[in-house]
Amino acid sequence: MATVFYSTEELAISEQRLSMDLAHESAVELVIHDILVNGNRSPWIGDGVVTRDLKIAERVIGVSVQQATGLVDPLTSDPKVLDRLLERLAIDPLSQGSSAERSAIGIRPATYADLQAMLGLDHERFACLYPHVTLYSGRTEPDERYASSHLADLIGLRSGPLGERSILTDSPVHSVVGRTFRVNALATNEQGDAAGLSIEVTITGQIDPSHLVRSRKRIATAAGKAMKCDKHT
């Protein structure tokens with residue numbers, strides 16, 4: 001009887017996890033489809049981090065969309081920017097030396113697992129860093145137009161009013177084609193260590209393929225991540 005009870009309980013947990021995973025996947029696919037169809041007119045496109053709730057199979061999924069250029073790219077950023085971010089998050093890489101010294105030895109992470117290993121971080125500390133970094137920006141520092149207010153505070157990113165933008169280099173219209181977006185999906189009614197989904201996708205502007213998925217990563221719920229990161233901030 002005990003074996004049957006625990007087998008039934010494990011099956012119920014597996015079904016619940018599968019249902020949650022499918023809800024996250026559906027939410028991300030809906031966002032990508034909307035961006036592909038509506039372009040810069042999509043409600044998911046805007047300054048900073050755009051957040052909205054979607055109801056998928058009786059679950060409320062909190063979705064956030066951000067251009068990757070608003071994040072720190074360890075591959076191309078000014079080494080001082082990454083070092084400042086790590087310092088402000090109180091994350092000490094196991095590998096000694098500054099970002100410039102680490103880059104000098106030729107380590108170029110191709111995935112987030114590579115980046116985590118390069119910095120020598122455990123899963124908990126990397127979970128605190130991941131919301132602020134990307135491998136698909138190519139900028140020396142984050143674009144203040146698409147950076148979160150939290151990241152701007154952490155690294156001292158300067159942001160000016162819209163009127164100070166150059167009419168030659170900046171446009172009030174958001175570009176979609178060729179841009180990479182990070183889409184996070186988290187069930188707002190889940191507790192504990194329930195995992196969400198983070199996907200980075202590049203819009204190609206072509207018919208086939210219309211978009212390229214650059215990365216897929218499981219992420220903790222907002223509440224769980226906040227509790228783990230509070231001691232680092």
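This is a predicted model: local features need pLDDT of at least 70, side-chain atom pairs count only at pLDDT 80 or more; totals for chains, interfaces and linings use all residues.
Confidence comes before any detail. The mean pLDDT of the protein is 82, and 73% of the residues reach at least 70. Strand β3, residues 180-187, has the highest confidence, at 95, while helix α3, residues 99-104, has the lowest, at a mean of 51. Residues 161-169 have a pLDDT below 50, and this stretch makes five contacts in the model beyond its near neighbours in sequence.

Next comes the empty space inside the protein. Rolling a probe the size of a water molecule over the atoms is a way to show where such space is left. The structure has one cavity of 30 Å³ or more. The volume of the largest cavity is about 50 Å³. Its lining consists of W44, I45, G46, G48, V50, V65, Q66, Q67, Y146 and F181. Strand β2, which covers residues 59-67, contributes the most to this lining, with three residues. Sorted by class, the lining of the largest cavity has six nonpolar residues, four polar ones and no charged ones.

A27 is a residue to look at in helix α1, which runs over residues 2-38. Is A27 buried or exposed? With a relative accessible area of 0%, A27 counts as buried, because buried means under 20%. Leaving out residues up to four places away in sequence, A27 touches L54, I56, I61, V63 and A185. Of these contacts, I56 shows how the chain brings separate parts together: A27 and I56 are 29 residues apart along the chain, yet 7.1 Å separates their C-alpha atoms.

A57 is in the loop between β1 (50-56) and β2. The phi angle of A57 is near 50°, which is positive in a residue other than glycine. A57 has a relative accessibility of 63% and therefore counts as exposed, the cut-off being over 50%. Another alanine, A90, sits in the loop between α2 (79-88) and α3. A90 also has a positive phi, near 60°, and is likewise a residue other than glycine. At a relative accessible area of 42%, A90 is partly exposed.

Which form does the bond from D208 to P209 take? The bond is cis, with omega near 0°. P209 belongs to the loop between β4 (195-203) and β5 (211-220).

Methods: Residues are numbered from 1 along each chain as its sequence is written. Side-chain values use heavy atoms; hydrogens and water are left out. pLDDT is the predictor's confidence in each residue, from 0 to 100. Helices (H or I, at least four residues) and strands (E, at least two) are DSSP runs, numbered from the N terminus. Contact means heavy atoms within 4.5 Å. On a 1 Å grid over the protein atoms alone, a cavity is a set of points where a 1.4 Å probe fits but cannot get out, and a pocket is an open set with protein on both sides within 12 Å along at least five of seven lines; lining residues have an atom within 4 Å of a point. Grid points are joined across faces, edges and corners, and a volume is the space filled by probe spheres set on the points. Ala, Val, Leu, Ile, Met, Phe, Trp, Tyr, Cys and Pro count as nonpolar, Asp, Glu, Lys and Arg as charged, and the others, Gly among them, as polar. Buried means under 20% relative accessible area, exposed over 50%, partly exposed in between (1.4 Å probe, protein chains only).
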